[in-house]
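I opened this model to look up a few local features. My notes follow in the order in which I checked them.

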Amino acid sequence: IFFTLRKLFPNAIITVLLSNKNKSSADLLPFVTNTMFLDKSIKSIYHTINKIRTEQFDVCINLLLNRSTTAVLATQTSGANYKIGFEEDPFLYDIN
């Protein structure tokens, strides 16, 4: 998906939010501009959501197949113009 996004939008700033346990996978994402990391503590979630909102993203894509409360919360409160996710949660996203 990141390759395709980069190909379609070569000047886009692509930021990925990863959990701390997936930090090592950041090096495997060559088409990504920035990476943010999230710890599952309430303080970290609050801080990360505020940081996401200040970035003023145009699009927020939740790539998790499972229902993650943290991922849904981050996506829904992102302030992005468009929120994209999987069909499991049809009422949470603008595009499924």
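Helices here are DSSP runs of H or I with at least four residues, numbered from the N terminus. With that in hand, I looked at the end of helix 2: just after this helix, glutamine 56 takes a positive phi of about 55 degrees.

Entry 1, confidence. The model is predicted, so I checked pLDDT, which is the predictor's confidence in each residue, from 0 to 100. I found a mean of 84 for the protein chain, with 89% of its residues at 70 or more. Confidence is highest in helix 1 (residues 2–8), at 90, and lowest in helix 3, at a mean of 84.

Which residues of helix 2 are buried? I listed Ser44, Ile45, Thr48, Ile49 and Ile52. Seen down the axis of helix 2, the buried residues fall within an arc of 130 degrees, so they line one face of the helix. An α-helix has 3.6 residues a turn, so residues three or four places apart point the same way. On the other side of helix 2, I found Ile42, Lys43, Tyr46, His47 and Thr54 exposed. I then asked what covers the buried residues of helix 2. The cover includes strand 1 (15–19), strand 2 (34–38) and helix 3.

I picked a residue of helix 3 (residues 69–76), threonine 70. Is threonine 70 buried or exposed? Its relative accessibility is 14%, so threonine 70 counts as buried, the cut-off being under 20%. Leaving out residues up to four places away in sequence, I found that threonine 70 touches Leu38, Lys40 and Ile45. With lysine 40 there is also a polar contact, side chain to side chain, at 3.5 Å.

I searched the whole structure for aromatic pairs and found one. Phenylalanine 3 and phenylalanine 31 form this pair, edge-to-face, at 5.2 Å centre to centre with 70 degrees between the planes. Phenylalanine 3 lies in helix 1 and phenylalanine 31 in the loop between strand 1 and strand 2, so the pair ties together parts that are 28 residues apart in sequence. I checked accessibility as well: phenylalanine 3 is partly exposed at 47%, and phenylalanine 31 is partly exposed at 31%.

Notes. Residues are numbered from 1 along each chain as its sequence is written. This is a predicted model: local features need pLDDT of at least 70, side-chain atom pairs count only at pLDDT 80 or more; totals for chains, interfaces and linings use all residues. Side-chain values use heavy atoms; hydrogens and water are left out. Helices (H or I, at least four residues) and strands (E, at least two) are DSSP runs, numbered from the N terminus. Buried means under 20% relative accessible area, exposed over 50%, partly exposed in between (1.4 Å probe, protein chains only). A polar contact is a pair of N or O atoms within 3.5 Å; within protein, one must be able to donate a hydrogen and the other to accept it, and residues adjacent in sequence count only if both atoms are side-chain atoms. Contact means heavy atoms within 4.5 Å. The arc is that of the directions from the helix axis to the C-beta atoms. Rings of Phe, Tyr and Trp (its six-membered ring) pair if their centres lie within 6.5 Å; planes under 30 degrees apart count as stacked, over 60 as edge-to-face and the rest as tilted.
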